[in-house]
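The stops below are given in the order in which to select them.

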Amino acid sequence: MRVRCDTTTAWPRLHRHFEQRGRGFDLRQAFTADRARFDAFSQEAPEIFADLSKNLIDREAEALLFELARECGVEAHRDAMFAGERINSTEGRAVKHWLLRAGGEAGEGDAVLVRQALESMLAYAGQVRADAAITDVVNIGIGGSDLGPQMAVAALETFRDPGKRFHFVSNVDGHELAGVLRGLKAGNTLFLVASKTFTTLETMTNARSARRWFEEQGGRDVARHFAALTTNVEAARDFGITSTFGFWDWVGGRYSLWSTIGLPIAIAIGAAQFQDLLRGANAMDAHFRSQPLESNLPVRLGLLDVWYRNFHGFTSRCIAPYHSALKRLPAYLQQLEMESNGKRVDAQGQPLPFATSPVLWGEPGTNGQHAYFQMLHQGTDTVPVEFIAVRQPAHALPVHHELLLANALAQAQALMQGKPDPGGHRHFPGNRPSTFFLLESLTPASLGALLALHEHRVFVSGSVWGIDSFDQWGVELGKVLAQDIAQRFTSLSLNGLDDSTAGLLRRIHPPI
Ligand SMILES: O=P(O)(O)OC[C@H]1O[C@H](O)[C@H](O)[C@@H](O)[C@@H]1O
């Protein structure tokens, strides 16, 4: 039974605790008063060590948050997801992306389908890897059919087949596709058309243009040069693609990199490494399913997110990966969190009287330090920062890695400690919160664990808020209106349009 957070007994107690101890909380004093704070607020999880101690939270608040989670039924909700119940209630669907990485276990039903789909995808990836004529792989997809694979292929660059280049075309903006096509030869290119629904305007437009280009370039064998990754295999066949790799409606788009949507990753890193990616995620699934709330990293993070959003009132979170290969991680996490929890009603459609998803944003460090960290240190808003650092570099350049890690540590330290200066401009208030994630090295397994950690953390806050984290109705209206406006380019009609849209359209398309 799901219980919305604001109807629990823990909720008003958290409010009271925040007024008494949370609002004026001082990190520096907290460390002085509690020599065990680092240990109490550190958490080991598969592949990841997390230091939560530099956050504006005390043990009492965290204890109340665990009570909140219990009252909200977060554990039962989690178990319902892992039992395959239709917890995506507004779409009437189960949520089983975790099954895609449950690997190897004897199973039946969907588990068998998963294994077959994975085997055929990995076999195909192997063929492509062995095919020296294919030098360029172009993934055409958007949203979940782009962000996950693009992020992972970049993150795992050191594991990549050096004989192939990877391109990601997502935008309907023809500049993107045209720019990629310019450098390609039809005979050496494999296009992967990635779309869960196989109806998405951007992807279908790009796929049609890619096929036209392929034919115009004298490309023949469409079967060899195009593959489709989709739940709508029939539509892919109608499009003329015979190499199709299916998945299921119980895999949400933003949770789909573990499915056949992960084919570009599998081509890039090979079957064994792709299996490691799944294994790492699976280890985090096991942690999330089995650890008591008090030592459960996704739970601790998800509850901290609730504490910050609903009590401290923080509106955003900065993602600072101190690893340049994680450059697409902030964009990936934006979709994961903001599309999942950017909701203003609960699962029953009732308006929520409290805030939900924060804004996520960020860039790799140290670059961000020379751009917007000014605001993080001295701006008027408090923005919790999440550092992601990797202990072992994958290069042999001396000096760089120590400097990189020193900077990550120093920024977290500076945010917390601050620096008094009566002069004003040089004053750093400090007491600015951060979380520090440390991976031993950036591998398929640690990446898998990091991503699953974030999936489950988003699950936890969404669960406390009582929302359906697995639908995305908010993306529909713009799609419908875009079709209407696109038709006006030929109908030349402004009927029924608001004055601003009509005025702009007249400027863009003068005959209207
Ligand atoms: O994979 P597709 O069906 O093409 O969907 C691609 C993306 O577009 C949709 O509008 C949703 O906002 C995303 O959740 C989805 O990942």
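This is a predicted model: local features need pLDDT of at least 70, side-chain atom pairs count only at pLDDT 80 or more; totals for chains, interfaces and linings use all residues.

**Stop 1: the core**

Start with Leu68, Leu192 and Phe387, the residues with the most contacts inside the largest nonpolar core, which has 135 residues. Next select residues 444–465, helix H18, which gives the most to this core, with 12 residues. Then colour domain 1 (26–59 + 305–447) and domain 2 (97–272): the core draws at least three residues from each of them. As a general background, nonpolar side chains in soluble globular proteins tend to be buried together.

**Stop 2: Phe387**

**Stop 3: helices H14 and H18**

The crossing of H14 past H18 is right-handed. To see the contact, show the side chains of Leu297, Pro298, Val299, Leu301, Gly302, Leu303, Asp305 and Val306 on H14. On H18, show Leu453, His456, Arg457, Val460, Ser461 and Val464.

**Stop 4: glutamate 47**

Select glutamate 47, in the loop between strand E1 (42–45) and strand E2 (48–51). Its phi is near 70°, a positive value in a residue other than glycine. Is glutamate 47 buried or exposed? Glutamate 47 has 23 other C-beta atoms within 10 Å, and a residue with 20 or more counts as buried, so glutamate 47 is buried.

**Stop 5: phenylalanine 198**

Move to the loop between strand E5 (189–194) and helix H9 (201–216), where phenylalanine 198 lies. Phenylalanine 198 is not a glycine either, yet has a positive phi of about 55°. This residue counts as buried because 25 C-beta neighbours lie inside 10 Å.

**Stop 6: a cis peptide bond**

Finish at glycine 365 and threonine 366. What kind of peptide bond joins glycine 365 and threonine 366? The bond is cis, with omega about 10°. For orientation, threonine 366 is found in the loop between strand E9 (359–362) and helix H16 (373–378).

Definitions and conventions:
Residues are numbered from 1 along each chain as its sequence is written. Helices (H or I, at least four residues) and strands (E, at least two) are DSSP runs, numbered from the N terminus. A residue is buried if 20 or more other C-beta atoms lie within 10 Å of its own, exposed if 12 or fewer, and partly exposed in between; C-beta atoms are placed from the backbone. A nonpolar core is a set of buried Ala, Val, Leu, Ile, Met, Phe, Trp, Tyr and Cys residues joined through C-beta atoms within 7 Å. Domain bounds come from an automatic or database domain assignment. A crossing is left-handed if the near helix is turned anticlockwise from the far one by less than a right angle, and right-handed if clockwise. Two residues are in contact if their C-beta atoms, placed from the backbone, lie within 7 Å.
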